[in-house]
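I opened my notebook to look through one chain.

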Amino acid sequence: MTVKLTDAALRMLQREYRTIPEKPIRIKYHNVSCAACQRVLELVLDKADADDEVFTTEEGYTFCCARFISQQADTFTIDAAGGIPIITPRNRISL
């Protein structure tokens, strides 16, 4: 699994964390309250568990996620063009 950061996402991470955080940034599901919406992915600071996938970007940011998420997508692209992080898996994730 690979995590790619767009220029906007890199600026957002640099602004939000100022330095590379001690904890990894977790990619996790967030259940939205809208019945018509599907679950979306979000970023949160968290520690990696023993059964997580952990990976580091070229820019030095460490990300982690549950193995079942990493097994369902080859690449996650993180963008923040509107100031809000948007995580797009290259392959559709279905549960």
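The entries below follow the order in which I looked things up.

**Ground rules**

I am working from a predicted model, in which local features need pLDDT of at least 70, side-chain atom pairs count only at pLDDT 80 or more, and totals for chains, interfaces and linings use all residues. Residues are numbered from 1 along each chain as its sequence is written, and side-chain values use heavy atoms, with hydrogens and water left out.

**Confidence**

I checked pLDDT first; it is the predictor's confidence in each residue, from 0 to 100. The chain has a mean pLDDT of 79, and 74% of its residues reach 70 or more. Where is confidence lowest, and where is it highest? It is lowest in strand β7 (residues 86-89), at a mean of 66, and highest in β5, at 93. Over residues 91-95 pLDDT stays under 50. The model has 16 contacts beyond four places in sequence for that stretch; a contact means heavy atoms within 4.5 Å. I note that where pLDDT is low, the predicted coordinates should not be read in detail.

**Elements**

I listed the secondary structure next. Helices (H or I, at least four residues) and strands (E, at least two) are DSSP runs, numbered from the N terminus. The chain has 2 helices and 7 strands. From the N terminus on, their order is β-α-β-β-β-β-α-β-β. I also noted that Arg 18 follows α1 and has a positive phi, near 60°.

**Strand pairing**

I then traced the strands; two of them pair if DSSP finds at least two bridges between them. β2 and β3 pair in the antiparallel sense over 6 bridges. β2 also pairs with β5, in the parallel sense, over 2 bridges. Which residues are the bridge partners of Ile 25? In β3 the partner is Leu 45, and in β5 it is Phe 63. Arg 26 has Cys 64 as its bridge partner in β5. Cys 64 also stands opposite Val 54.

Strand β4 (residues 52-56) is joined to β5 by 5 bridges, and the two run antiparallel. They form a hairpin with 5 residues between them. Gly 60 in the turn has a positive phi of about 95°.

**Burial**

I looked at burial with a 1.4 Å probe, counting protein chains only: buried means under 20% relative accessible area, exposed over 50%, partly exposed in between. Of the 95 residues of the chain, 34% count as buried. Why is β5 (residues 62-66) described as largely enclosed by the rest of the structure? The reason is that 4 of its 5 residues are buried.

In α1, the buried residues include Ala 8, Ala 9, Leu 10, Met 12 and Leu 13. Their cover includes β1, β2, β5 and β6.

**The core**

I searched for a nonpolar core, a set of buried Ala, Val, Leu, Ile, Met, Phe, Trp, Tyr and Cys residues joined through side-chain atoms within 4.5 Å. The largest one has 20 residues. Those with the most contacts inside it are Val 3, Leu 5, Leu 13, Ile 27, Tyr 61, Phe 63 and Ile 78. At least two core residues come from each of β1 (2-5), α1 (7-17), β2, β3 (40-45), β5 and β6 (75-79). The largest share, 4 residues, comes from α1.

Leaving aside neighbours within four places in sequence, Leu 5 is in contact with Leu 10, Leu 13, Thr 57, Glu 59, Tyr 61, Phe 63 and Ile 78.

**An aromatic pair**

How many aromatic pairs does the structure hold? I found 1. Rings of Phe, Tyr and Trp (its six-membered ring) pair if their centres lie within 6.5 Å; planes under 30 degrees apart count as stacked, over 60 as edge-to-face and the rest as tilted. The rings of Tyr 29 and Phe 68 have centres 6.1 Å apart and planes at 20°, so this pair is stacked. Tyr 29 lies in strand β2 (residues 25-30) and Phe 68 in helix α2 (residues 67-70), 39 residues apart. Tyr 29 is buried, at a relative accessible area of 17%, whereas Phe 68 is partly exposed, at 40%.

**A loop residue**

My last entry is Asp 49, found in the loop between β3 and β4. Asp 49 is partly exposed, with a relative accessible area of 39%. Asp 49 and Cys 65 are 16 residues apart in sequence and 8.9 Å apart in space, C-alpha to C-alpha.
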